[in-house]
Amino acid sequence: MQPRFNFAKAAPDAYKAVAALEQYVQSSGLERRFIHLIKLRASQINGCAYCVDMHVKEARHDGLSEQWINLMCVWRESPIYDARERALLGWVDAVTNLAKSGAPDADYEALKAHFSEEEMTKITVAIGAINIWNRLAVGFRSQHPIDAAVKAA
């Protein structure tokens with residue numbers, strides 16, 4: 001896969017606008033684990049290797065367990081996620097797949113059981129923000145860095 005072009009250089013004002021939305025998300029008061037969950041799960045759904053690579057590394061850096069990170073792609077089958085995380089994962093799936101899901105009442109009700117209207121709004125903005133990043137990175141074929149190879153023992 002070849003990168004198409006550098007969107008940040010092509011339209012710096014657009015990049016700054018998305019970066020400003022990202023800054024809002026980071027300072028919104030949402031728990032870090034929820035931000036990691038939103039970013040990683042949406043990036044998995046959207047098939048964004050660049051963002052999955054970045055958000056796995058960020059989640060790991062912030063102390064989230066390998067198991068918590070690795071099982072996110074199959075979250076429905078794993079008991080590792082608590083009730084709030086499960087409600088949030090369901091909402092990430094529904095909003096990221098909006099054309100298919102229509103944001104079902106069941107997913108909304110599950111989210112509402114654990115979060116305030118203010119938190120639900122911030123969560124949905126965070127989902128929208130990562131979806132913008134995913135569309136830019138996938139659409140223009142941004143390449144994630146390749147880590148140095150580690151030799152097996």
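This is a predicted model: local features need pLDDT of at least 70, side-chain atom pairs count only at pLDDT 80 or more; totals for chains, interfaces and linings use all residues.
Local features need pLDDT of at least 70 and side-chain atom pairs count only at pLDDT 80 or more, while totals for chains, interfaces and linings use all residues. Residues are numbered from 1 along each chain as its sequence is written, and side-chain values use heavy atoms, with hydrogens and water left out.

**View 1. Aspartate 82 pairs with arginine 33 in a salt bridge.** A salt bridge here is a side-chain nitrogen of Lys or Arg within 4 Å of a carboxyl oxygen of Asp or Glu; in this pair the N to O distance is 3.0 Å. Aspartate 82 sits in the loop between α5 (66–70) and α6 (83–96) and arginine 33 in helix α3 (residues 32–46), so the contact ties together parts 49 residues apart in sequence. Helices (H or I, at least four residues) are DSSP runs, numbered from the N terminus. Aspartate 82 is partly exposed at 34% relative accessibility, and arginine 33 is partly exposed at 22%. Buried means under 20% relative accessible area, exposed over 50%, and partly exposed in between (1.4 Å probe, protein chains only).

**View 2. Lysine 57 meets aspartate 53 within helix α4 (residues 49–61).** Their salt bridge spans 3.0 Å, N to O. The two residues are 4 apart, about one helical turn. Lysine 57 is partly exposed at 28%, whereas aspartate 53 is buried at 18%.

**View 3. Arginine 76 reaches aspartate 93.** The N to O distance of this salt bridge is 3.1 Å. Arginine 76, in the loop between α5 and α6, lies 17 residues from aspartate 93 in helix α6. Arginine 76 is partly exposed at 48%; aspartate 93 is buried at 8%.
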